[in-house]
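The report below is meant to be read slowly, with the model open beside the text. It begins with one chain, passes to the other, and ends where the two meet.

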Amino acid sequence: MSQVVETAEHAKKDATYFLALKELLFQLADDDLLIAFRGSEWLGLAPHVEEDVAYSSITQNTMGHAVMYYNLLEELGIGTADLLAHDRKSEERRNGIYLEKRNGEGNYLDEPYYDWALAVVRNYFYEAFKKIKLEAVANGSYKPLANVARKVLMEHHYHLAHWKLWIKQLGSSSDEAKKRIQGRVKEAWEEFADVLELGKHANDIRSHNLVSIGEEEMKDRWIDEVRTVLVEIPDGSLGKKYGSGRNGDHTQDLEQAVNTLAEVYNSDKTAAW
Amino acid sequence: MNEINRLQEINAVLKTVDDPELPSVSVYDLGMVHDVALNENEVEIKMVPTFAGCPALDFIEIKVKRAVEELEWVQLCRVKFTMEHQWSTDAITEKGKEELKKHGIAPPPENYQPGDEWTLNCPYCNSDYTSMENVFGPTACRSILYCSACKNPFEAMKPVVQPLHLK
């Protein structure tokens, strides 16, 4: 089944295709959900008021993108979008581990010592990758998803341009700024590799043409992109220090994120909001 | 009533349903209505979102459904946001552009290419002595600009177009 698949009904007819599609959709949905959640924790705390407007706008839009992928999963009969976002165990989640990482020390309600260098590096790295993955999905075989990817890409360049500007400017700023960015880049280099991967169903995802290029090529393209912006690329290859989120490995930080995110949902799971 | 009259009646209703974030500008004039289909007393409306991540989509869906179901002959109206077609700047009607300006929002620039820097004439005094203050504004689809001629801040709808390599 490598031709275009027009509907959810059609996708369900081939078990391998269905499973590969499900994995890919959870990756896209969970990545956007987690980075948007971490972004929402910055609300009111960004370095200046224009940035607060910009970052919260990007975050809200990114959360909206996550909703669309959960809706596609709902159409496939996997569960309601609300349930999939709020009520899945850690080992069922497919986001890259680096995206669940806490924003820094402290927490939102009590002394949030968040680190802006982490926000800039993480968002730039992720948005650069999101573009590459969505372009592969936009030319992929599942039409309902390809349509969503095309739409998201129309808005996404505003997000990427924003974070690219931040990392470029801090990269040519004071010694402290450079040092802090470089430190977070080095850290990311040890943790980011699973974000770039498609997980244990990578071969099926590619062979069913759900993406038009494989994970190796995505990774190469991503490295080419960040090379154009980073002052210095760390030595050595990219690592996945805490395992692979694509296969359900996660840290305590994910628990903390989901518990906070789902606090209201958990208070009454059957309420109609 | 024949089908053409019925469709006209529905379009007339859609011209009265405002975007919740842009009072006085209808979803019809924003170019969000993609298709209206009739089946006896049932209506199916396909809409396209301006921004996919827009949190107002659910409200818009409900508002459109309720407004159309007010029509006496309509038994059921289904509203569906579709991604099969992509909204673009060109979909805004002339009336929509005028209404946006009255609201202090400049319609998006024409002939925009992704990545271009852009500004627009002031919706109040039409001066081109304006500057971009923040490409991100109060909603996903809007940016914040400033007019140095009449000293007013104003907003603009962000241009969104399909990247050339995906067309």
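The domain assignment of chain B, with bounds that come from an automatic or database domain assignment, gives domain 1 (3–81) and domain 2 (104–166). The C-alpha centres of domain 1 of chain B and domain 2 of chain B lie 27 Å apart.

This is a predicted model, in which local features need pLDDT of at least 70 and side-chain atom pairs count only at pLDDT 80 or more, while totals for chains, interfaces and linings use all residues. Residues are numbered from 1 along each chain as its sequence is written, and chains are lettered from A and ligands numbered from 1 in the order in which they are written. The pLDDT is the predictor's confidence in each residue, from 0 to 100; its mean for chain B is 91, and 99% of the residues of chain B reach 70 or more. For the complex, the predictor gives an ipTM of 0.88 and a pTM of 0.94.

Helices (H or I, at least four residues) and strands (E, at least two) are DSSP runs, numbered from the N terminus, and two strands pair if DSSP finds at least two bridges between them. Chain B holds an open sheet of 3 strands in the order β3-β4-β5, with mixed pairing. Because β3 (33–39) and β5 (76–81) of chain B stand at the edges, each with a single partner strand, one side of each is left without a neighbour in the sheet. Strand β3(B) is joined to β4 (residues 42–47) of chain B by 6 bridges, and these two strands run antiparallel; Leu38(B) stands opposite Val43(B) in β4(B).

| Helix | Lies across | Angle |
|---|---|---|
| α1(B), residues 3–14 | β3(B) and β4(B) | about 140 degrees to β3(B) |
| α2(B), residues 57–69 | β4(B) and β5(B) | about 155 degrees to β5(B) |

Chain A has 11 helices and 2 strands, and the C-alpha trace of chain A spans about 55 × 45 × 30 Å along its principal axes.

Where the chains meet, 23 residues of chain A are in contact with 21 residues of chain B. On the side of chain A that touches chain B, α3 (49–75) and α6 (143–171) of chain A each supply at least two residues, and the largest share, 12 residues, comes from α3(A).

Note on methods: Two residues are in contact if their C-beta atoms, placed from the backbone, lie within 7 Å. Axes are lines fitted to C-alpha atoms, for helices over the stretch in contact, and angles run from 0 to 180 degrees between N-to-C directions.
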